[in-house]
Amino acid sequence: MAQQIPIVDYLVLGDPAHLEAHQCTSCSALYFDRRNACAKCGGTEFGRRALSNDGQVRAFTIVHRAAPSVPAPYTSVVVDLDGGGTVKANLLDTTDPDGITPGLPVTLDTFVAGTDDDGVEAIGFGYRKRKENA
Amino acid sequence: MSAGDVWIIGTAMTKFGRFPDQDLLDLASEAALGALKDADTAITGIGALALGNVYEANSHNGQRLQKQIGQTGIPVYNVVNACATGATAVRVALLSIAAGETDTALAVGVEKMGKMGLLGGAAKNKGAKKQYEPKGRYGSVLKTEGVLGTGLMPGVFAQAGTEYALRHGVTATQFARVAQKNHAHSVLNPLAQYRKEFSLREILEAEVIAYPNTLPMCCPTGDGAAAVVLVSDAKLKTLDPDVRKRAVKISASVLTSDPWSEAGQVQPDVSTLTRQAADAAYEKAGLGPDDLDLVELHDCFATAELIHYDNLRLCEPGGAGDFIDSGAPWREGKLPVNVSGGLLSKGHPIGATGIANLYEVATHLRGEAGDRQVAGAKVGLTHVIGLASACAVHILEARPAGVA
C-alpha cells in the first residue's frame, strides 16, 4: 500500500479516519488551524479533541465555475458536527440541489486527493449522505 | 472631540466600467475634483485626505493623488479594508473632523480591476518537484480549494444564501428576482457598468457560477472612483447658502468586524456583523427601518442582497423571500433597494464601492437623481461588507427644507 499523508493536519488517518481540532482549554472553542490565542476568550493553552464523523448540512453550494485545475461541478458543504465543531468540505455523492434538504445527515468519508512525485498519496475527506438506521 | 454632526457637502463618482485608457490616478482625480467642485471648494480648503484602494494599496495612492490635485501638506491616510475600504476611508475623514483636527476632509475610493475574473482563482506556477509536505496553519499538503469545499467569493456568498434558504425556505427563483430587480434599476443609471434588463427566465437559465447564483446574479469586476467632501457642523454654518441647502447629514457611521462564532471559523458569517452594524446605526441615528426611503446595500451576489434584507431589518425576521416577492425593494416599492443597479449591474470596483453608495443616497436626498429619483427621499441607508470581515453602515438624512 502506498504511503499516505492527510491533506490537512486536522484529519487523522486512524481507524476510522476522523477530524481532530485544537480546543481552547479555558472556553472549549474549537479551531482547525493553529492559533496564537483563542479568538473567543484570549486563552493561550490548547488541547486536542477528536470530533464526530457525523453531522448535518448547514449550508451548501454547487460550484460550476471553479478555480483552474479543480474539476467541476462539485458540491461544497458546511457541516455542523454532532457534539460540536463546524467544518467545510465537499459533499461527495450529489451535485443536485434538490437532493440537499435542511439538516441533511451526513457522515465522513476519505479519498485520495492526489499523489506526489514520490508516490505518496494525499488523503482528503468529504461527506456522504447518511442512511438513517443503517 | 467635537460633538456636532458631520455633513456631506460634495460628492461625485466616475462611471463604473472598464477603462483601459485611464489609470488609477485619472479615475481618483476625476472623482476628487468632481466632489470638490460639487462642494464649491478647492483642495486648499481640505484639512485631511483619506484614500481607499485595495489592489494597489502598497503604492500610497493618497500621496500620488495629491500630485495630481494639489500637494498642500495635509495628513493623508491610505486605507484598505476589503470591500468596506471606501466606507472606511469615509470614516477616517469623519473621525478626523470628530477629533477636531480639521473641519473639512476629503475621502476618495478608487479601484482598477479590469477583467480580473474569479477573485482568488488565479493559477499557481508549476514546474517544481511535487513533494507533499504539511505547510501553514492547517498543515495542508496541497491546495484545498475545491477539495475541501470552496472559499472563493461566489461559493462563500452562495453558501451564506443557502444557509438562510435551508432555514427559511427561500427558492432559487426568489434569489434570481433580486438580480432581475437590480438589472432593471440599472437601465436608469448612466453611471452603471451594465445597463441591460434581464428576464427572470434569462437569469435562471444563465450559466451557473455557484448554485443558486447564475452569471447575472454575480457582480462584475471593474474600474471606478467616488469621493465625498465632509465638514463639521460649525464649518457648515459658515458656508454659502447654496452649499448648505444641498448638505446631507451623516446621522450614523458604524464599522464592525466579526464577533467570534464557531461556524464563522470555517465559513464567513456575513450576517452577524451586519446586524450589529445596522442596530448600532439605527440607535445612533434615532431612526428605524420604517424611516428609510431608500437603501444601497452590498449585493456582491444576489444571495447576499436577499439575506441582508433580514440583516438590516428591512423585512420580517425570516421573511426576506416574501420581501422580494412583494415587490417592496423595487424602485416603485415600499422600500427601494439598490436603485443604482447595485453592485450586480452598477459594478464593484472594490475601493470605490463604499463611497459610491453614499454618492447614490446623497444624490437622491438632494433630489438630483434624475430619471431614477426616489420621490421625496429624506432618509437613506448604505451598507458594505468585505470578507475578513468588515461591515460599514451609514445613515444619511436630507437637510430639512427652510433651515438657513
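**Note on the predicted two-chain model**

1. Ala328(B) sits in the loop that joins helix H11 (320–325) to helix H12 (342–346) of chain B. This residue counts as partly exposed, because 16 C-beta neighbours fall inside 10 Å, and a residue needs 20 or more to be called buried. Leaving aside neighbours within four places in sequence, the contacts of Ala328(B) are Phe323(B), Gly333(B), Lys334(B) and Leu335(B). Ala227(B) is 101 residues from Ala328(B) in sequence, and their C-alpha atoms are 30 Å apart in space.

2. On confidence: this is a predicted model, with ipTM 0.91 and pTM 0.95. The average pLDDT of chain B is 95, and 97% of the residues score at least 70. Where pLDDT is low, predicted coordinates should not be read in detail.

3. Chain A has 10 strands and zero helices, so that the order of elements from the N terminus is β-β-β-β-β-β-β-β-β-β. Its C-alpha atoms fill a box of roughly 45 × 40 × 35 Å along the principal axes. Of the 134 residues in chain A, 37% are buried. Among contacts in chain A with a separation of 6 or more, 46% link residues 24 or more positions apart.

4. Where the chains meet, 44 residues of chain A are in contact with 39 residues of chain B. On the chain A side, at least two residues each come from strand S4 (30–31), strand S6 (54–63), strand S7 (74–81), strand S8 (86–91), strand S9 (105–115) and strand S10 (121–129). S6(A) supplies the largest share, six residues. By class, the side of chain A that touches chain B has 26 nonpolar, eight polar and 10 charged residues.

5. Ser69(A) is exposed, because 11 other C-beta atoms lie within 10 Å and the limit for exposed is 12 or fewer.

6. Chain B also has a cis peptide bond, from Tyr211(B) to Pro212(B), with omega near 5°. Pro212(B) is placed in the loop between strand S5 (208–210) and strand S6 (213–214) of chain B.

7. Helix H1 (residues 24–38) and helix H2 (residues 61–69) of chain B have axes that come within 10 Å and cross at roughly 65°. The two helices are therefore roughly perpendicular to each other, and H1(B) passes H2(B) in a right-handed crossing. H1(B) contributes Leu24(B), Leu25(B), Ala28(B), Ser29(B), Ala32(B) and Leu33(B) to the contact, and H2(B) contributes Asn61(B), Arg64(B), Leu65(B), Gln68(B) and Ile69(B). These residues divide into seven nonpolar, three polar and one charged.

8. Asp40(B) is in the loop between H1 and strand S2 (48–52) of chain B. Phi of Asp40(B) is near 55°, again a positive value in a residue other than glycine. With 15 other C-beta atoms within 10 Å, Asp40(B) is partly exposed.

9. Helix H10 (residues 302–311) of chain B is mostly covered, with 10 of its 10 residues buried. The buried residues include Glu305(B), His308(B) and Asp310(B). Just after H10(B), Arg313(B) has a positive phi of about 65°.

10. H10(B) packs against helix H5 (residues 172–186) of chain B: the axes come within 8 Å and cross at roughly 100°. H5(B) and H10(B) are therefore roughly perpendicular to each other. From H5(B) the contact takes Gln174(B), Phe175(B), Ala176(B), Val178(B) and Ala179(B), and from H10(B) it takes Ala302(B), Thr303(B), Glu305(B) and Leu306(B). The contact has six nonpolar, two polar and one charged residues.

11. The axes of helix H3 (residues 85–98) and helix H13 (residues 350–365) of chain B come within 5 Å, crossing at roughly 65°. Thr85(B), Gly86(B), Ala87(B), Ala89(B) and Val90(B) of H3(B) meet Ile350(B), Gly351(B), Ala352(B), Thr353(B), Gly354(B), Ile355(B) and Leu358(B) of H13(B). By class, this contact has seven nonpolar, five polar and no charged residues.

How values were computed:
Residues are numbered from 1 along each chain as its sequence is written. Chains are lettered from A and ligands numbered from 1 in the order in which they are written. This is a predicted model: local features need pLDDT of at least 70, side-chain atom pairs count only at pLDDT 80 or more; totals for chains, interfaces and linings use all residues. Axes are lines fitted to C-alpha atoms, for helices over the stretch in contact, and angles run from 0 to 180 degrees between N-to-C directions. Helices (H or I, at least four residues) and strands (E, at least two) are DSSP runs, numbered from the N terminus. Angles under 35 degrees count as roughly parallel, over 145 as roughly antiparallel, 65 to 115 as roughly perpendicular and the rest as oblique. A crossing is left-handed if the near helix is turned anticlockwise from the far one by less than a right angle, and right-handed if clockwise. Two residues are in contact if their C-beta atoms, placed from the backbone, lie within 7 Å. Ala, Val, Leu, Ile, Met, Phe, Trp, Tyr, Cys and Pro count as nonpolar, Asp, Glu, Lys and Arg as charged, and the others, Gly among them, as polar. pLDDT is the predictor's confidence in each residue, from 0 to 100.
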